[in-house]
Amino acid sequence: MGLENVIAEALPEVLTTRLDSLINWARKSSLWPATFGLACCAIEMMNVTSSRNDLARFGAEVFRASPRQADVMIVSGRVSRKMAPVLRRIYDQMPEPKWVISMGACATSGGVFDNYAIVQGVDKVVPVDVYIPGCPPRPEMLIHAVMMLQDKIMKESVRDRKDVPDQEAREAITPGTLPVTDGSTLRPGEKAQPLPYTIASTHEKRRSF
Amino acid sequence: MSAVANIPPQFEIVDQPLDSQMTLSMGPQHPSTHGVLRLELVLDGEMVVKATPDIGYLHTGMEKLFEYRKYQQGIVITDRMDYLNPLGNNLAYVMAVEKLLQIEIPERAQVIRVMMCELQRIASHLVWLGTHALDIGAMTVFFYCFREREKIMNLVEAASGGRLTPSYFRVGGLMMDLPAGFERRVQQFQTDFPQALDEFNTLVTGNRIFQKRTQGIGYISAEDAIDWGLSGPILRGSGVGLDIRRANPYTGYDKYDFEIPVEQDGDVWARYLVRMREMRESHKIVQQALSRLQPGRVKADAPKVVLPDREAMKTHMDALIHHFLLVAEGVDVPPGEVYHPIEASKGELGVYIKSTGGPKPARVHFRGPSFVNLSALPHMSRGCMVADIVAIIGSLDIVLGEIDR
Amino acid sequence: MPELQQPENSNPKSSERVVSQTPSQIAAALQREHPEWVAEVITALGETTVIVPRGHIVEACSFLKSTPGLEFNLLSDLCGFDRGPEEEPRFEVNYHLFSTTKYHRLRLKALLNEEDTHLSTVTAVWRTANWHERETYDLFGIIFDGHPDLRRILLPDDWQGHALRKDFPLRGYEPYSLT
């Protein structure tokens with residue numbers, strides 16, 4: 001959407017709370033997931049879309065097969081090493097605004113499979129917004145996660161999600177060069193290292209939470 | 001004109017014949033491939049010249065993980081293999097270990113195992129029907145099937161605590177006995193299910209579009225099917241009446257009265273009919289198992305293998321010691337090797353366990369039926385259209401967790 | 001009972017098919033008639049294992065498939081096993097044979113040393129061996145001579161090492177991370 005670019009450039013110092021509320025309400029009410037069902041959690045995701053636990057009433061009506069038409073990527077299942085570059089490429093193909101829900105223990109942290117084949121947590125590959133524990137998580141937990149994501153979306157500012165051309169997004173992140181961005185390895189009093197270059201996707205330097 | 005002279009090279013129109021064949025990668029993220037499967041299709045227009053599956057996108061290293069876990073701990077890993085039929089995986093693994101240890105299972109445990117496995121078979125076929133029809137275009141059946149499946153998952157959850165990964169069986173019997181009122185709930189499901197099956201038949205079987213999209217597609221003859229190692233509904237759809245429950249019976253299956261549906265056509269339509277009839281047969285078996293349920297033990301009488309009852313553990317010293325040793329050190333399995341096949345919902349699921357003594361296995365290998373069934377896809381899909389590939393994959397009923405392990 | 005049962009009582013259609021031999025009798029007959037194909041016969045836990053010297057595996061397999069009365073026309077499984085880096089012979093390759101007409105099962109085993117992990121392919125006998133042998137090559141490094149398409153199937157194509165060998169660590173050599 002060009003609206004964020006226009007607002008960020010034309011109105012740099014203006015508070016946009018009412019506009020934020022409107023746009024965020026529209027975004028959270030029609031979160032269309034990209035189908036990224038990998039393993040057993042995918043079956044629970046299919047259960048969420050079925051008639052007993054209906055995700056469509058929360059706005060996640062259509063599961064888009066093409067990432068170009070999706071807002072949120074629900075990584076459900078274990079990510080193997082062969083699949084990880086594919087996951088990154090699908091994530092890069094999603095246009096801003098985009099969010100990631102990591103569903104299940106395997107996507108969150110490697111799960112039961114602490115071995116050579118499984119990436120220990122999908123946040124080593126893509127930045128994650130909501131983590132869901134469970135093996136597999138109950139459908140109600142996925143609905144709760146979608147609602148948590150909706151609360152998170154409501155608190156964002158519209159400036160944070162400037163759209164970035166594909167080429168720039170692809171070239172900006174060289175695999176293996178990003179430092180650890182979560183604060184869990186920082187000792188008290190330590191600050192995170194400044195990044196030596198800009199990250200094209202503003203997902204990671206969002207100013208509002 | 002200067003504009004004409006400045007055309008960048010890739011837009012130049014050159015006089016070259018077009019390559020008529022194109023390689024298309026269908027995949028790993030695709031709504032119709034039932035998981036992370038990648039197909040390399042060599043296409044001539046719309047016709048498929050060659051379809052090569054590329055697997056490994058869900059390789060989890062489970063077989064290596066088994067070697068680092070005790071035998072009882074391996075049961076939870078088996079759930080995640082064929083995640084539509086987890087009780088079948090549990091059963092195969094647990095029965096292979098019981099064969100190594102040579103212990104006998106009490107009658108009630110065997111009957112409950114049969115009942116739960118057949119319920120799981122119905123659940124697995126319901127997912128097959130829902131997703132197969134969804135890929136072909138019939139969306140309504142998907143929701144109906146998952147509604148029925150919720151009922152079965154409620155039953156499995158009542159017995160074991162897990163909807164999709166129950167781990168209900170243990171070496172020597174079951175995790176614990178069925179809860180109170182379980183038989184009544186199963187009976188309730190049994191009375192409702194035939195009507196649901198008739199609904200599915202009304203929605204799908206008589207549908208001319210479905211028939212046109214599945215008849216004559218993906219043909220494989222009986223000799224080729226055996227040569228490619230196929231098993232389960234695919235083999236029975238090609239005219240070979242092989243069912244491991246009859247050929248090498250286990251868990252008392254030889255005492256139950258059921259038919260083996262066989263069709264002669266060998267195409268997608270035949271496999272569809274076989275699986276629909278199999279759901280009815282499983283329904284019959286569950287009814288017989290319900291009538292056979294007698295009160296009794298659910299764990300074998302083998303104190304060095306099976307965990308003792310909680311009450312015994314709290315009051316008797318030897319039970320406490322056994323419990324401690326079993327949990328801390330595991331079962332000491334004598335050296336040997338077994339290969340135990342069962343008839344899972346997708347075909348012959350075989351478990352090969354090799355033990356060199358000790359609490360951890362030396363090698364566990366799962367012969368997944370979907371792995372072998374998928375290897376016949378290039379043979380089945382020569383000369384068909386791209387849209388038929390989707391129908392053939394649906395009829396193979398593959399689960400990538402079992403293929404890639 | 002956890003044993004696999006013979007099909008006399010269980011299959012209702014077996015009245016016209018006479019079960020002539022059990023697997024252990026088959027193995028004993030094989031040892032008598034073709035002693036160069038059989039190094040050892042082990043009968044345990046209701047199953048029969050025949051250890052075949054690695055040069056004769058294809059002949060033994062095609063004999064077992066095509067002889068009337070034996071008819072092992074389905075190869076259920078082909079898997080490898082690594083005994084460990086200090087054992088000699090190090091690798092075992094197991095062939096699980098099944099007959100769709102007689103319903104009996106047999107296991108053939110070939111033993112390989114660490115230096116010479118070559119074995120002839122049985123893809124000409126059963127086409128299903130194709131993917132099983134690719135998996136065994138991928139996870140153990142056993143090379144099947146004559147295989148039409150021997151490349152990795154489960155692990156990524158540029159993976160170094162063979163994952164199910166006993167000296168390959170469980171967690172691999174380095175964790176995967178883009179961050």
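Visitor: Let's start with Asp397(B): does it count as buried or exposed, and why?
Guide: Asp397(B) counts as buried, because it has 26 C-beta neighbours inside 10 Å and the cut-off for buried is 20 or more. Keep in mind that this is a predicted model.

Visitor: Where in chain B does Asp397(B) lie?
Guide: Asp397(B) is in the loop between α17 and α18 (400–404) of chain B. Its phi is near 55°, which is a positive value in a residue other than glycine.

Visitor: Which residue of chain C has a positive phi without being glycine?
Guide: Leu45(C) is one, with phi near 55°. You'll find Leu45(C) in the loop between β1 (40–44) and β2 (47–51) of chain C.

Visitor: And is Leu45(C) buried, exposed or partly exposed?
Guide: Leu45(C) is partly exposed, because its count is 19 C-beta neighbours inside 10 Å.

Visitor: Back to chain B, then. What does α17(B) meet in α5(B)?
Guide: From α5(B), the residues are Thr131(B), His132(B), Asp135(B) and Ile136(B), and they meet Val390(B), Ala391(B), Gly394(B) and Ser395(B) of α17(B). By class, that contact has three nonpolar, four polar and one charged residues.

Visitor: How do the axes of those two helices, α5 and α17 of chain B, cross?
Guide: At roughly 175°, and they come within 9 Å of each other. The pair α5(B) and α17(B) is therefore roughly antiparallel.

Visitor: How many helices and strands does chain B have altogether?
Guide: Chain B has 18 helices and eight strands. Its C-alpha trace spans about 100 × 45 × 40 Å along the principal axes, and 56% of its 405 residues count as buried.

Visitor: How do β2 (residues 38–44) and β3 (residues 47–54) of chain B run, parallel or antiparallel?
Guide: Antiparallel, with seven bridges joining them. As an example, Glu40(B) has Thr52(B) as its bridge partner in β3(B). The hairpin of β2(B) and β3(B) has two residues between the strands, and Gly45(B) takes a positive phi near 70° there.

Visitor: Switching to chain A. In what order do the strands of its sheet come?
Guide: The order is β1-β2-β3-β4, in an open sheet of four strands with parallel pairing. At the edges stand β1 (33–34) and β4 (130–132) of chain A, each with a single partner strand, so one side of each has no neighbour in the sheet.

Visitor: Which helix packs on the sheet of chain A?
Guide: Helix α3 (residues 40–49) of chain A packs on the sheet, where it touches β2 and β3 (99–103) of chain A. The direction of α3(A) makes about 130° with that of β2(A).

Visitor: How many bridges hold β1(A) to β2 of chain A?
Guide: Two bridges join β1(A) to β2 (residues 72–76) of chain A. Ala34(A) stands opposite Met73(A) in β2(A).

Visitor: What's the running order of elements in chain A?
Guide: From the N terminus, the pattern is α-α-β-α-β-α-β-α-β-α-α. That covers seven helices and four strands.

Visitor: Where is there a cis peptide bond in chain A?
Guide: One runs from Cys135(A) to Pro136(A), with omega near -10°. Pro136(A) sits in the loop between β4 and α6 (139–154) of chain A. Over in chain C, a cis peptide bond joins Glu88(C) and Pro89(C), with omega about 5°. The loop that holds Pro89(C) lies between β3 and β4 of chain C.

Visitor: How many residues does chain C put into its contact with chain B?
Guide: Chain C puts in 35 residues, and chain B 39. On the side of chain C that touches chain B, β3(C) gives the most, with six residues. That side of chain C divides into 20 nonpolar, eleven polar and four charged residues.

Visitor: Last topic, confidence. What is the mean pLDDT of chain C?
Guide: The mean pLDDT of chain C is 80, and 87% of its residues reach 70 or more. Over residues 1–19 of chain C, though, the pLDDT is below 50. For the complex, the predictor gives an ipTM of 0.86 and a pTM of 0.85.

Technical notes: Residues numbered from 1 in each chain as written. Chains lettered and ligands numbered in written order. Predicted model: local features only at pLDDT ≥ 70, side-chain atom pairs only at ≥ 80, totals over all residues. Pairing = 2+ DSSP bridges. Contact = placed C-beta atoms within 7 Å. Axes fitted to C-alpha atoms, helices over the stretch in contact; angles between N-to-C directions. Parallel < 35°, antiparallel > 145°, perpendicular 65-115°, else oblique. Nonpolar A, V, L, I, M, F, W, Y, C, P; charged D, E, K, R; others polar. pLDDT = per-residue confidence, 0-100. Buried ≥ 20, exposed ≤ 12 C-beta atoms within 10 Å, placed from the backbone.
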